[in-house]
Amino acid sequence: MAKDKDSPAKVSAKTTSKTSKAVVGSLGTLGDYLREQRLGAQLSLRQLADQVGVSNPYLSQIERGLRKPSAEVLQQLARALRVSAEQLYVRAGIVHPDPGQPGSVELAILADTALTERQKHSLLDVYASFLALNERDQS
């Protein structure tokens, strides 16, 4: 029996998905990146936690990949480490580095101080579902 071949759209979607995962994987984990930046800035875990306004154990858990920080904590970390908040969002998986994936909408939502963290995550989820729906309809 002949094996069905994937349509060009399916192959493209699989390739894009693999590429996206490869790009994120090549960036390393958020925790590893934060540790590198913290050590580069010659800050102890306790010093950075104080600057960010979080507990020392919580920051340690973020660095070890046991906790996922909120967008606000990521903004505070970016400010304290003098790195791009967008870079942290990408490493945290909030914003996708794909050229085909628009990032400006996600960044606008995350930067909006009038929204609560819960509202931001809800909007990001709805936006992601719309993108997935549109992609599925195009296939």
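**Around α6.** I started just after α6, where G93 takes a positive phi of about 85°. Helices here are DSSP runs (H or I, at least four residues), numbered from the N terminus. At the other end, the start of α6, I found a side-chain oxygen of S84 within 3.1 Å of the backbone nitrogen of E86. I listed the buried residues of α6 as L88, Y89, V90, R91 and A92, with buried meaning under 20% relative accessible area, exposed over 50% and partly exposed in between (1.4 Å probe, protein chains only).

**What I'm looking at.** This is a predicted model, so I kept to the rules that local features need pLDDT of at least 70 and side-chain atom pairs pLDDT 80 or more, while totals for chains, interfaces and linings use all residues. Residues count from 1 along each chain as its sequence is written, and side-chain values use heavy atoms, without hydrogens or water.

**Confidence.** I checked pLDDT, the predictor's confidence in each residue from 0 to 100. The chain averages 77, and 75% of the residues score at least 70. Helix α1 (residues 8-27) is lowest, at a mean of 39, and α3 (residues 45-52) is highest, at 96. Over residues 1-27 the pLDDT is below 50, and beyond near neighbours in sequence I get eleven contacts for this stretch in the model. A contact is heavy atoms within 4.5 Å.

**Core.** Next I looked up the largest nonpolar core, which has 29 residues. The term covers buried Ala, Val, Leu, Ile, Met, Phe, Trp, Tyr and Cys residues joined through side-chain atoms within 4.5 Å. L48, L74, L77, L88 and I94 have the most contacts inside it. Helices α2 (30-40), α3, α4 (56-63), α5 (71-81), α6 (85-92) and α7 (104-111) each supply at least two residues. The largest share, seven residues, is from α5. I then followed L77: leaving aside neighbours within four places in sequence, it touches L34, L48, V52, L59 and L88.

**Helix α2.** Which residues of α2 are buried? I noted L30, G31, Y33, L34 and R38. They sit on the same side of α2 because they cover an arc of only 160° around the axis, taken from the directions from the helix axis to the C-beta atoms. On the other side, E36, L39 and G40 are exposed. The buried set packs against α3, α4, α5 and α6. Just after α2, Q42 has a positive phi of about 55°.

**Q37.** Also in α2, Q37 counts as partly exposed because its relative accessibility is 24%. Leaving aside neighbours within four places in sequence, Q37 contacts L81 and V83. Q37 and V83 are 46 residues apart in sequence, with 8.4 Å from C-alpha to C-alpha.

Terms used
A polar contact is a pair of N or O atoms within 3.5 Å; within protein, one must be able to donate a hydrogen and the other to accept it, and residues adjacent in sequence count only if both atoms are side-chain atoms.
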